[in-house]
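Have the sequence and the 3D view open side by side.

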Amino acid sequence: MASLVSKNLFRTLNAPDSLPPTELATFAAGCFWGVEQEFRDTPGVVATSVGFMGGHTLNPTYKEVCYEQTGHAEVVQVAFDPKVVSYSELLNIFWHLHDPTTLNRQGPDVGDQYRSAIYYHSPEQKSAAITSRNTLQESGELKSKIVTEITPASEFYPADSYHQQYVEKGGYAACHIRR
C-alpha cells in the first residue's frame, strides 16, 4: 500500500486537514496543467499538486525545468481515497489522457520534461503499473511501443502557486489531452 499522505502534504496540496486516509500517486504525462485537471475531475481524488520529479537539480524552478538540463519531468501528485478510486483506475486514466508511445513529447511540447512516467510509491504500485503497461501494450490499442518510464518516486518539488490548478484559475483548455 502506498504511504499515507501527511497533514503537511495536505496543506501543500491545498486540501483540508479533515480528509480521509489517502494514498499518493505521481504521474508525468506532458504539460502538467491539463494532466492535473483530468485527475482533479476524478471522483475519489481529494487533492493534487503540480511540480517536478525525477531529475538531479535541487529545488528547480519552472524556467529551469523548461530551458535547462535538470532531468526533471513535469508531474502531478495525486492524493486519492482508495475506497473511492483505485490506483488501477488512476493508471487507466493516465494511459488514456496522453500518448505513452512518444518519447519526450506530448502534443506540441517537446523535451525530456514532457516525458511519460509513472513514479511509484510502493512495491504494489510498481507491480500495478507494470501490469497495466503490459496489458495495454498487448491489447493492440496502441500502434507503437509504450516508452513510459516506471521508476521509484523521488523528491517532489512543487511548482509555484500560479501553476497549481492553472486550468481552473485561467479557464484555459487543457493542452494535448486525449479523450
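Two residues are said to be in contact, or to meet or touch, when they have heavy atoms within 4.5 Å. Helices (H or I, at least four residues) and strands (E, at least two) are DSSP runs, numbered from the N terminus. Bear in mind that this is a predicted model, where local features need pLDDT of at least 70 and side-chain atom pairs count only at pLDDT 80 or more, while totals for chains, interfaces and linings use all residues. Residues are numbered from 1 along each chain as its sequence is written, and side-chain values use heavy atoms, with hydrogens and water left out.

Now to the helix pair. Val-35, Glu-38 and Phe-39 of helix 2 meet Leu-90, Ile-93, Phe-94 and Leu-97 of helix 4. Sorted by type, the residues of this contact come out as 6 nonpolar, no polar and 1 charged (Ala, Val, Leu, Ile, Met, Phe, Trp, Tyr, Cys and Pro count as nonpolar, Asp, Glu, Lys and Arg as charged, and the others, Gly among them, as polar). Two packed helices are described by the angle between their axes and the distance between the axes. Here, helix 2 (residues 32-40) and helix 4 (residues 87-97) pack at about 145°, and their axes are 11 Å apart. Axes are lines fitted to C-alpha atoms, for helices over the stretch in contact, and angles run from 0 to 180 degrees between N-to-C directions.

Stay with helix 4 for a moment. Its buried residues are Tyr-87, Leu-90, Leu-91, Phe-94, Trp-95 and Leu-97, where buried means under 20% relative accessible area, exposed over 50%, and partly exposed in between (1.4 Å probe, protein chains only). What do the buried residues of helix 4 pack against? Their partners are strand 1, helix 2, strand 2, strand 3, strand 6 and helix 5.

Next, the rings. The structure holds 5 aromatic pairs; rings of Phe, Tyr and Trp (its six-membered ring) pair if their centres lie within 6.5 Å, with planes under 30 degrees apart counted as stacked, over 60 as edge-to-face and the rest as tilted. Phe-94 and Trp-95 have ring centres 5.0 Å apart and planes at 65°, so this pair is edge-to-face. Phe-94 has 0% relative accessibility, so it counts as buried, and Trp-95 counts as buried at 2%. Ring pairs also join Phe-27, Phe-39, Phe-80, Tyr-87, Phe-94 and Trp-95 into a cluster.

Some of these names come back in the nonpolar core, meaning a set of buried Ala, Val, Leu, Ile, Met, Phe, Trp, Tyr and Cys residues joined through side-chain atoms within 4.5 Å. The largest core has 33 residues, and those touching the most other members are Phe-27, Phe-39, Val-78, Phe-80, Tyr-87, Leu-90 and Ile-118. Helix 4 gives the largest share of this core, 6 residues. Leaving aside neighbours within four places in sequence, Tyr-87 is in contact with Ala-25, Phe-27, Phe-80, Ile-118, Gln-125, Ala-128 and Ala-129. Another core, of 7 residues, lies apart from the largest one, and Ala-28, Met-53, Ala-73 and Val-75 are among its members.

Asn-104 is partly exposed, at 24% relative accessible area. Its C-alpha is 5.4 Å from that of Tyr-114, 10 residues away in sequence.

Finally, zoom out: the chain has 6 helices and 8 strands, and 49% of its 179 residues count as buried.
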